[in-house]
Amino acid sequence: MKRKNLFLRSLSISIAAAICTVASAQYNNSSYFMEGMSYRHQLNPAFAAERANIGVDDFIYPYDGNGYDLTTFMNSAVDADKFLDRLHDRNLLNVSASMPVISMGFNAFGGFNSIEIGAKVNASANLPYELFEFAKLGMSDAALTEYNIRDLNIRTNAYTEIALGHSHRLANDRLAIGAKLKMLIGLANIDANVRSMKLTMGQERWAIEADGTADISLNKATFTYDEDSKIDGIDVDKFGTCGFGTAVDLGFEYDFRDVVPGLKVSAALLDLGFIKWKKGIAANLKNSYTFDGFEEQIVIDADNDDLGKLENQIDKIEDDLKDLFTFEEDKNCKARTTALATTLNAGVEYALPTYRNLKFGLLSSTQINGVHTWSEARLSANIAPVKWFEASVNYAYSTFGSSFGWVINFHPRGFNFFVGTNHTMGKITPQGIPVGDANAHVNVGMNITWGGKSKKDKQEQPVL
């Protein structure tokens, strides 16, 4: 089974994600303060019971002034200054997904216990300003110009985790502590880093001097080559286990009811761990070569299905990037160890003394992941007017911009259904592409619950 140009596919998908949308669905931070959420322990193991800093309209523009057909920033009709002024020095993309396969919890051993088996994917890209400057201005007939692209990085982790968790209450139920121990089974890893790329642009051809590496861990993967002996793609016989690791989640919650009734503080450290990957394949950027430039402009034409398909747009970008990033195999590839993207959550919650069913919370989240590190602060209002229903509305400001989120949760005895989002989409083009903020997130689920509530849970039910 062949996976053509895996690094280039990852890079082109990252750029296409900026053009279209970025999904982040690993953790639903909007539900952090909702006690009826079955998956709340994933945000803090002491509890019992996925972003971009660039907008889609930075990359898509009206075409021919009709307001319906669109074109990308690559079109010469789009003003270069207008496009480049809206970018950052570091343009960040993050795609996270978590898929529970088995998840169950029960009260025993003096506390709450959880058993989970699931799959996780975390993909991040750091796309420097100079990459887009070169792609855009390289289309012109400017005089001899030099570009220096640095710290272009793409990182992807895919793995299965088996987690055992326990939370326990101490200090007359004021303090809750929790931990999860996770066994990790690595499925795929890509870490590509272009440390520097100097491009000297002439009238017809551009000379390139580059320094970069790509480390790839996939089960039974080998490089394929084109007629010029350049790396053309990757052959993958089958997907399977290619690494093992371990991680822990740690958390606590403290109730200040004896000092300030209704006040709680909490914190958690999630996915603190690593995966040791088996020997995979590796490549280095060729030191010097030439590049003919980007060949085609991309137009999203509402009346032409072929041009409007995302897959065709990715293919066009990939064809050009294939010549821009030329790799040679590194024969000295060795086994390696990579750290997980670790998340730090810290929250403060306050319930109104006159109506304890209405609570306000402030959550700070930071994901520690090298150059892909990001932070977020989220303020929420949470209400649980009856025992079987609760809802939250919240507003966040982060590395990726601001967003509005919400969650509703139905949890009568024996059943739990929830739906919500960290990022509510706004304006959508006639082609169905959300514009403005490039963040998107949807979290929906249903659980079957059984067993009686703990004594503490019964004491904290909303008062009608």
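**Reading the model, feature by feature**

Analyst: Let us begin with one residue. Lys182 is buried, with a relative accessible area of 3%. Buried means under 20% relative accessible area, exposed means over 50%, and partly exposed lies in between (1.4 Å probe, protein chains only). The model is predicted, so local features need pLDDT of at least 70 and side-chain atom pairs count only at pLDDT 80 or more, while totals for chains, interfaces and linings use all residues. Residues are numbered from 1 along each chain as its sequence is written, and side-chain values use heavy atoms, with hydrogens and water left out.

User: What share of the 464 residues in the protein chain is buried?

Analyst: Buried residues make up 49%. The accessible surface of the chain comes to about 21200 Å². Carbon and sulfur atoms hold 58% of that surface. Such areas come from the Shrake-Rupley method with a 1.4 Å probe; for residues, only the protein chains shown count as cover.

User: How many helices and strands are there?

Analyst: The protein chain has six helices and 26 strands. Both are DSSP runs, numbered from the N terminus: helices are H or I with at least four residues, strands are E with at least two.

User: Why is helix α3 described as largely enclosed?

Analyst: Count its buried residues. Seven of the nine residues of α3 (residues 129-137) are buried, so the rest of the structure largely encloses this helix. The buried ones are Tyr129, Leu131, Phe132, Glu133, Phe134, Ala135 and Lys136.

User: Now charges. How do I read a salt bridge?

Analyst: Start with the general idea. Side chains of opposite charge can pair when their charged atoms come close. The test here is a side-chain nitrogen of Lys or Arg within 4 Å of a carboxyl oxygen of Asp or Glu. The whole structure holds 15 salt bridges.

User: Which residue forms a salt bridge with Lys120?

Analyst: Glu161 does, with the closest N and O atoms 3.6 Å apart. Lys120 lies in strand β6 (residues 111-128) and Glu161 in strand β7 (residues 145-170), so the pair ties together parts that are 41 residues apart in sequence. Lys120 and Glu161 are both buried. For Glu161, the relative accessibility is 9%.

User: What else does Glu161 pair with?

Analyst: Glu161 also forms a salt bridge with Lys182, again with closest N and O atoms 3.6 Å apart. This pair links distant parts of the chain: Glu161 in β7 and Lys182 in strand β8 (residues 175-201), 21 residues apart. Step back and you find a network of salt bridges linking Lys120, Glu161, Lys182, Asp249 and Asp271.

User: Where does Arg169 find its partner?

Analyst: The side chain of Arg169 meets that of Glu253 in a salt bridge, at 3.7 Å from N to O. Arg169 is in β7 and Glu253 in strand β12 (residues 243-255), so parts 84 residues apart in sequence are tied together. Arg169 is partly exposed, at 27% relative accessible area. Glu253 is buried, at 7%.

User: How should I read a nonpolar core?

Analyst: It is a set of buried Ala, Val, Leu, Ile, Met, Phe, Trp, Tyr and Cys residues joined through side-chain atoms within 4.5 Å. The largest one here has 49 residues, and Phe83, Met197, Leu324 and Phe325 touch the most other members. Strand β8 gives the largest share of this core, seven residues. Another core lies apart from it, with seven residues, among them Leu184, Cys242, Trp277 and Leu340.

User: Which residues make the nonpolar surface patch?

Analyst: Val101, Ile102, Ile117, Ile162 and Met183 make a patch of about 410 Å². Patches use residues with over 30% relative accessible area and no salt bridge; like charges are joined within 9 Å, nonpolar side chains (Val, Leu, Ile, Met, Phe, Trp, Tyr) within 5 Å. Met183 lies in β8 and is partly exposed, at 43% relative accessibility.

User: Last one. Is Thr342 buried or exposed?

Analyst: Thr342 is buried, with a relative accessible area of 9%. Its place is in strand β19 (residues 342-352). A polar atom of its side chain lies 3.0 Å from the backbone oxygen of Asp271. Contact means heavy atoms within 4.5 Å. Not counting residues up to four places away in sequence, Thr342 touches Leu269, Leu270, Asp271, Leu272, Thr366, Gln367 and Ile368.

Note on methods: A polar contact is a pair of N or O atoms within 3.5 Å; within protein, one must be able to donate a hydrogen and the other to accept it, and residues adjacent in sequence count only if both atoms are side-chain atoms.
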